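Thank you for asking me to look over this model before you take it to your group. My comments are set out as numbered points, to be read beside the structure.

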Amino acid sequence: MAYLPQNQGLLQYWLLLLSIVSIGNSVQSYLTTSYTRRVYSAPDTTVTPLHARTFGTYTALASIIRLYAAYNITDPVVYQLALWTYIVALGHFYSEWLVFRTARFGEGLVGPLVISMGSVVWMLVQWGKYIR
C-alpha cells in the first residue's frame, strides 16, 4: 500500500501508529480534561482546560514531526527531530512525577513513560540501520 511507509523495518510503523494515536489524544485534549487529569493526578494538582489544550498542542506538534519521520526515516534531521520529541516528552513526564510532583505513578503516567522511554531506546538502537 502506498499509504504506508516504504522502508524496511518496524520502527517507521511504530512512529506512524503513535502519530495517529497521539493526534487522537490531541483532539480529546481540546474537548475534555479527563485524560490530562489522569496523567497529572497528584493531590492538590488542578488541570484546567488551558492546561489540557496546551498539552494537546504540544502533542499535535510532536505527532506531526513523528509522522514525517515515519515516512522519511532515513533523513537524519527528521530522525533526530522525532527522537528529540520523545526525549522532551520523557523529561517532561519524569520531571512532573519526580521533581514537580504533579503526576503520580499510575495508569495515566505508565503509558507515556513506557512509550517515550521505549521509543528513545528503540530509535537510538536502530540509528545505524536508518541513518548512514
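1. Basis of the note. The structure is a predicted model, in which local features need pLDDT of at least 70 and side-chain atom pairs count only at pLDDT 80 or more, while totals for chains, interfaces and linings use all residues. Residues are numbered from 1 along each chain as its sequence is written, and side-chain values use heavy atoms, with hydrogens and water left out.

2. Helix 1. Helices here are DSSP runs (H or I, at least four residues), as strands are (E, at least two), and both are numbered from the N terminus. The expected span of a helix is taken as 1.5 Å times one less than its number of residues; for the 21 residues of helix 1 this gives 30 Å, which agrees with the 30 Å between its end C-alpha atoms. Its buried residues are L11, Q12, L15, L16, L18, S19, S22, N25, S26, Q28 and S29, where buried means under 20% relative accessible area, exposed over 50% and partly exposed in between, with a 1.4 Å probe and protein chains only. The cover over these buried residues of helix 1 includes helix 2, helix 3, helix 4, helix 5 and helix 6 (127-130), contact being defined as heavy atoms within 4.5 Å.

3. S29 lies in helix 1 and counts as buried because its relative accessibility is 2%. Apart from neighbours within four places in sequence, S29 is in contact with T36, A52, R53, F55 and G56. N25, also placed in helix 1, is buried with a relative accessible area of 17%, and it touches Y35, F55 and T59 when residues up to four places away in sequence are not counted.

4. The largest pocket. A pocket is an open set of points on a 1 Å grid over the protein atoms alone, where a 1.4 Å probe fits and protein lies on both sides within 12 Å along at least five of seven lines; lining residues have an atom within 4 Å of a point. The largest pocket has a volume of about 590 Å³, a volume being the space filled by probe spheres set on the points, which are joined across faces, edges and corners. Of its 27 lining residues, N25, F55, T59, F93 and P112 are the closest to the centre. The elements giving two or more residues to this lining are helix 1 (11-31), helix 2 (34-39), helix 3 (49-71), helix 4 (76-98) and helix 5 (107-125), and the largest share, 7 residues, comes from helix 3.

5. The lining of the largest pocket divides into 14 nonpolar, 12 polar and 1 charged residues. Ala, Val, Leu, Ile, Met, Phe, Trp, Tyr, Cys and Pro count as nonpolar, Asp, Glu, Lys and Arg as charged, and the others, Gly among them, as polar.

6. Which side chains meet in a salt bridge? Those of E107 and R38 do, at 3.7 Å from N to O, where the rule asks for a side-chain nitrogen of Lys or Arg within 4 Å of a carboxyl oxygen of Asp or Glu. The pair links distant parts of the chain, with E107 in helix 5 and R38 in helix 2, 69 residues apart. E107 is exposed at 67% relative accessible area, whereas R38 counts as partly exposed at 41%.

7. Positive phi values. Most residues other than glycine have a negative phi. D44, which is not a glycine, has a positive phi of about 65°; it sits in the loop between helix 2 and helix 3 and is exposed, with a relative accessible area of 84%. R101 also has a positive phi, near 60°, in the loop between helix 4 and helix 5, and R101 is exposed at 57%.
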